[in-house]
Amino acid sequence: MEDNRKNSGMILPLLPLRGISVFPYMVLHFDVGRDKSINALEEAMVKDQLIFLVSQKDPSVDHPGPDDFYSVGTITRIKQLLKLPGDAIRVMVEGVARGKIVDLTKDDEFFEVRIEELKEEEKKETDSETEALMRSVFGFFEEYIKLTNRATVETLVTVSNIEEPGRFADVVASNLRLNIAKKQSILEAFDTRKRLERLHSILARELDILRIEKKINLRVKRQIDKVQKEYYLKEQMKAIQKELGEGDGISGEVEEYRKKIKKAGLPEEVKEKALNETERLLKVAPGSAEMGVIRGYLDWILDLPWNTSTEDNLELKHAREILEEDHYGLKKVKERILEYLAIRQLARDMKGPILCLVGPPGVGKTSIGRSIARAMNRNFVRMSLGGVRDEAEIRGHRRTYVGAIPGRIIYSMKQAGSNNPVFLLDEIDKMSNDFRGDPASAMLEVLDAEQNFAFRDHYLEVPFDLSRVMFITTANTTGTIPRALLDRMEVIHISGYTEEEKLNIGIRYLLPKQLKEHGLTPGNISISHDTIRDVINYYTREAGVRNLERRIADICRKVAKQVVEDNKTRVRITRGNLNKYLGIRKYRYEKVKGKHEVGIVNGLAWTPAGGDTLSIEVTVMQGEGKLVLTGQMGDVMKESARAGMSYVRSRTAELGIDPQFHEKMDIHIHIPEGAIPKDGPSAGISMTTAVISAVSGRRVRKDVAMTGEITLRGRVLPVGGIKEKVLAARRAGISKVLLPAENEKDLEEIPGNVKRKMEFVLVEHMDEVLEHALVKDGENEDNKS
Ligand code: ADP
């Protein structure tokens, strides 16, 4: 062996390695199974235990030829052989030196090669650059070990003690996990400096990758940890719940909710939200308030008609029949509704305007809404906005509030049970706003076709589609409806009913309805038209028929009692015994009796509840010309009173009044029922008449009522609400009404039977008013009463 090495043409058996490389100074063991390799081992053992190890370029090749292994390898000394079961042998070797194949000398039972050995020169001193490289490599190696845990601290100590750069590089390289090609490249670097450099760059790159790898691992681990933690906690919770005997109930309940939610066909967003909430049920403490909140929420979601709708019936004939069946008169309203339905029939998706029914109470606004629903075959809901001042009433409270529930809109939708009901918003003129937010703006969103497909309720948190709802609103007056809302609506006015109309409604609609409600048949009761008229005149005073209906209900109740208790089959109600059913008369309704008086005039007023008579009183007393106005008059009304005064002063001569009257006396104009605010210019001629009467001492006719604005010159200007005022005058038993001439066209609206019974005088000037209103000299009131 010595000889061989001296020749530097050493001949050694060769063993190709699969997937490993060996460096000088490295001790390792590997198993050998291939015949050729075993033969090579045997050859080495009989000689000097030296064997040349090279790496196979491709580890999967079973029978490598000379081209299949690298030409640079390691001369190693066999330290130990161990026969393994089967034919395999475990070999332990120690790397001695690098070698390069010069020649293949044998290729039969085994490979044999001639090798050029590479001797490391023992450098006495390493130059500083090499030193620096070594340190840097060492630093890298330290970090490498930390990151990979591939070597022990001892290895690190061993390495740190190696001074020869070549050996240092080999030991480091042998401790790295690199692919064969990389290791080979280090092995092939005969020059130590080059070897170090290669190692340095390989290590640097390796570290980069390791650092990234570590980061990724950390992230993955964190995720896994979180999942595991949640899983663990959930399991724990389940165990606790089971221990407490509650768990099964809850998971059963959760399962139930899940099923219901999946079946409910909710919009995607809603479904997701509901499922999330369901999962939360599992997490919160059983029996906690939170659990109740979640349950409540889920029940709400499941109860809402997200996708339940009714089929519209837009057939006009059918609708007409229903409207007629439910309501007397109201021709204009019914026509308008039929038009509306016709348009919908032509353009189903057209967003029609929102109808707003305006009129005094009890004229059937609500019941018309109900009727529309019936005609269209839609469900009906009604919600009153009267007194709503908090936006949250409409939009609900957030769930963080204790006891929060959805707003009234969503509440009503649940009641409706379908997503396309007729939705009546009652008393939209009675909404108010204060510090709690503006409900009108929430209503705007509800009514706006551009927005209401995604109405947001604070409680629900998910949008609800209101676009298929048919909204109808009602109001007593348009005056107090917020402008923006009013602009979105089409107003249909319904005025009060005349006595004749009330009679018809009473007989044809209210009585049959009440009989049915009280379980009576038409045969059980006998009541004449005149008796009903008495009910209207002596027991009610209203523009609509609400109280009439109540009185009829009172009668029916008593009749029902008689039928049951006294075994009567038919009860007769007459004008004579009406007081047995309704008590004493509440209102007087006679031709105005009493006296024509000085200083008292019947004015006429329009109020949201219909028309009304307004008694205007003037008193004069010694004084210095003060004008006192009392009785809750608005500014416009006060100005109107002053205009009247100026007119009187400018006409003292014609009126036969002391020209200086205004300096000697105070004049007090009062309108009783002071709690009711009054405003507008329409009491102008009434106040002026009252002043003239008071100052001149001439009496005013009791049976005359009037309305009209006055100018400084005494001209009479037109005013509104004529029909309501006339009907009110009629109810009060007035027989003559003075109206501004320009209001003549409004007389058309007044039903014929009223017109026939009353006298209308169209006036243009104050002179005509006085002509008709003041009692003529020498006239006796009694024969006129
Ligand atoms: P509003 O909503 O205008 O205050 P309602 O709709 O409550 O009035 O009407 C009160 C009652 O009078 C209801 O029972 C209604 O059916 C009845 N009613 C009103 N107008 C008519 C009418 N034209 N024909 C038949 N019934 C009527």
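Two strands count as paired here if DSSP finds at least two bridges between them. Strands (E, at least two residues) and helices (H or I, at least four) are DSSP runs, numbered from the N terminus.

## Basis of the model

This is a predicted model, in which local features need pLDDT of at least 70 and side-chain atom pairs count only at pLDDT 80 or more, while totals for chains, interfaces and linings use all residues. Residues are numbered from 1 along each chain as its sequence is written, and side-chain values use heavy atoms, with hydrogens and water left out.

## The seven-stranded sheet

Seven strands form an open sheet with mixed pairing. Their order is β19-β20-β18-β17-β22-β25-β26. The edges are β19 (627-630) and β26 (759-763). Each has a single partner strand, so one side of each is left without a neighbour in the sheet. Neighbouring strands are turned by 25° against each other on average, direction ignored. Axes are lines fitted to C-alpha atoms, for helices over the stretch in contact; angles run from 0 to 180 degrees between N-to-C directions.

Strands of a sheet pair through backbone hydrogen bonds, either parallel or antiparallel. How many bridges link β19 and β20? Four, and the two strands pair in the parallel sense. β20 spans residues 665-670. Leu629 stands opposite Ile669 of β20. Val628 has His668 in β20 as its bridge partner.

β18 and β20 pair in the antiparallel sense over six bridges. Val620 faces Ile667 of β20. Gln622 stands opposite Met665, also in β20. β17 and β18 run antiparallel too, joined by eight bridges. There, Ile600 is opposite Glu617 in β18.

## Helices on this sheet

Helix α22 (residues 635-650) lies across β18 (610-622), β19 and β20. The helix runs at about 145° to β19. Contact means heavy atoms within 4.5 Å.

Helix α26 (residues 722-731) also packs on the sheet. This helix touches β17 (600-607), β18, β25 (736-740) and β26. The direction of α26 makes about 75° with that of β18.

## The five-stranded sheet

A second open sheet has five strands with parallel pairing. The order is β8-β9-β12-β7-β13. β8 (380-384) and β13 (489-493) are the edge strands, and each pairs on one side only. From one strand to the next, the twist averages 25°.

Strand β7 (residues 354-358) runs parallel to strand β12 (residues 470-475), with four bridges between them. Cys356 stands opposite Thr473 in β12. Helix α15 (residues 408-416) lies across β8 and β9 (422-426). The angle between α15 and β8 is about 155°.

## Ligand surroundings

Which residues come nearest to the ligand? They are Lys365, Thr366, Lys513, Arg546 and Glu549, out of the 20 residues around the ligand. A residue is near a molecule if one of its heavy atoms lies within 4 Å of that molecule.

Polar contacts are pairs of N or O atoms within 3.5 Å. A nitrogen atom of the ligand is 2.8 Å from a polar backbone atom of Tyr328. A ligand oxygen atom is 2.8 Å from a polar backbone atom of Gly362. An oxygen atom of the ligand also lies 2.6 Å from an N or O atom in the Lys513 side chain. The protein covers 91% of the 560 Å² of accessible area that the ligand has on its own. Accessible areas come from the Shrake-Rupley method with a 1.4 Å probe.

## Aromatic pairs

The whole structure holds six aromatic pairs. Rings of Phe, Tyr and Trp (its six-membered ring) pair if their centres lie within 6.5 Å; planes under 30 degrees apart count as stacked, over 60 as edge-to-face and the rest as tilted. Trp306 and Phe464 form a tilted pair, with 4.9 Å centre to centre and 50° between the planes.

This pair links distant parts of the chain, 158 residues apart. Trp306 sits in the loop between α10 (289-303) and α11 (316-326). Phe464 belongs to strand β11 (residues 463-464).

Notes: A polar contact is a pair of N or O atoms within 3.5 Å; within protein, one must be able to donate a hydrogen and the other to accept it, and residues adjacent in sequence count only if both atoms are side-chain atoms.
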